[in-house]
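Me: I'm new to this one, and I'd like a close look at a single part. Could you walk me through the aromatic rings and what sits next to them?

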Amino acid sequence: MTSQASVLLDPGGQPVESLDAYLQRGGGEAFQRARAIEPQAIVDELRRAGLRGRGGAGFPTAVKWDGARADAAGTKFVCANGAEGEPGTFKDRYLLRMNPYQVIEGLAIARHVIGAQRAYLCVKGTFSPEIARVRRALDELAQSGMADSIELVLGPDEYLFGEERALLSVIEGGPPLPRLFPPHIHGLFGPAYGTSGQELHNPTVVNNLETLAHVTQIVRRGPEWFRGFGTPDTPGTMLFTVSGDVQSPCVTERPLGLTLRELIEDVAGGPRPGRRVKAVFPGLANALVTPDRLDTPLGFDTMRQAGSALGSGAFIVYDDTACMVQVAWMFSHFLHVESCGQCPPCKLGSQRVTEHLARLIDGSAERRDLDEIAAILPWVPNGGRCSLATSESVVVGSILDAFPEDFGAHLHGECSLRHDLMLPKVVDYVPGKGFTYDQTYLDKQPDWTYREA
């Protein structure tokens, strides 16, 4: 079950360095096939393949594409979301380093099938190695027709740039502020009005980079081949990022259906000798996984049934020496800093939670600090523009529920656990050597300028 799968990544771990090398591996065949048959046939193949988005939500790709194809209200666009920034994940950046051609080919297929006028590939402006790889690939693909009407967009380093509605704002030249309506209702450069007065909302499809890379492989090899990997609920493979207290931190491609325990112990080497897993976080948007649920098969539905989520395949592992109060403060601080400020319950609520957690850590807290945290968390998501506030409520709430003894130890000044923890905000990855983290992030102060409703 833990066998390596080589669908998106080279089996020898080598990057695809040129277009010629990509073509020798069958690159371009999917795009040519997509142009030779009816676009709806491609959508039907993605539906039979059961491809679900790899950005976190697991939404069926065929449903998203079908909706955009059927919508005639304005100009259509498609966007590749590579604005990766959640702590604990590096899979999209690694994919671009290893093979940007298949991502661009998948984006070209999406533009053709959906009937989009233009496509955008969005990454953060700080992603220098990835930007260089994408620019070279786009230049090389310009003669093949695959790069027609595809524009590279470089955005800010904010976490919310990766939120699909905020991503549209950045493409339009604005800050990463989530909109009220999703892209299929309020797309790029809309709403506008046609000559008849009809509202043109410009339906826009946003797909994660890994999703588009899978599209390329499915169109080339067929839905039945894709279903040969994974589970009926979540077919195919996935790129997993495993960081934290494991002996071999890594980005790896595996078939869905292996258990979380197999991923952590067999693939990432498990905790240090003599230590055991205390908690696993599927990114910062979902409830933690406790050791009694490590045998959960990795899939969108199975992880949800276990009380958490698969997310984008990023798993942050902490062993039994880690203080969960410190972890809660790190995560809450990150979400507070990254909150855009449009929704006061999110910005102010995450601030108050972070401050109470800081009091617990420095020893100045009283019982009422815990009571305040428990009272604040339910109303933090009340703004509702995006899921960041929900993440604050869910992830901090799950830590409170699972580890009351850690919080009690801090109330009594008796915590002897490890507090020298690093927020796993990854800035680089070298296979075999592990991750480099942003060591200054926890000193970062929130920006209060994005206050417009």
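Reply: Let's start with the rule for a pair: rings of Phe, Tyr and Trp (its six-membered ring) pair if their centres lie within 6.5 Å. Keep in mind that this is a predicted model. By that rule, there are 13 aromatic pairs here.

Take Phe77 and Phe189, one of them. Their ring centres are 5.5 Å apart and their planes meet at 65 degrees, so this pair is edge-to-face, since over 60 degrees counts that way. The two residues come from distant parts of the chain, 112 residues apart: Phe77 belongs to strand β1 (residues 77-82), while Phe189 is in the loop between α8 (164-171) and β4 (192-193). Phe77 is buried, with a relative accessible area of 4%, whereas Phe189 is partly exposed at 42%.

Now hop over to Phe334 and Tyr441. Here the centres are 5.3 Å apart and the planes are at 40 degrees, so the pair is tilted.

Finally, some rings have a charged neighbour. Arg93 lies over the face of Phe127, 3.9 Å from the ring centre. Over the ring of Phe403 you'll find the charged end of Lys278, at 5.3 Å from the centre.

Methods: Residues numbered from 1 in each chain as written. Predicted model: local features only at pLDDT ≥ 70, side-chain atom pairs only at ≥ 80, totals over all residues. Heavy atoms only, no water. Phe/Tyr/Trp six-rings, centres within 6.5 Å; stacked < 30°, edge-to-face > 60°. Helix = DSSP H or I, 4+ residues; strand = E, 2+ residues; numbered from the N terminus. Buried < 20%, exposed > 50% of the residue type's maximum accessible area, 1.4 Å probe, protein only. Lys NZ or Arg CZ within 6 Å of the ring centre and 35° of its normal.
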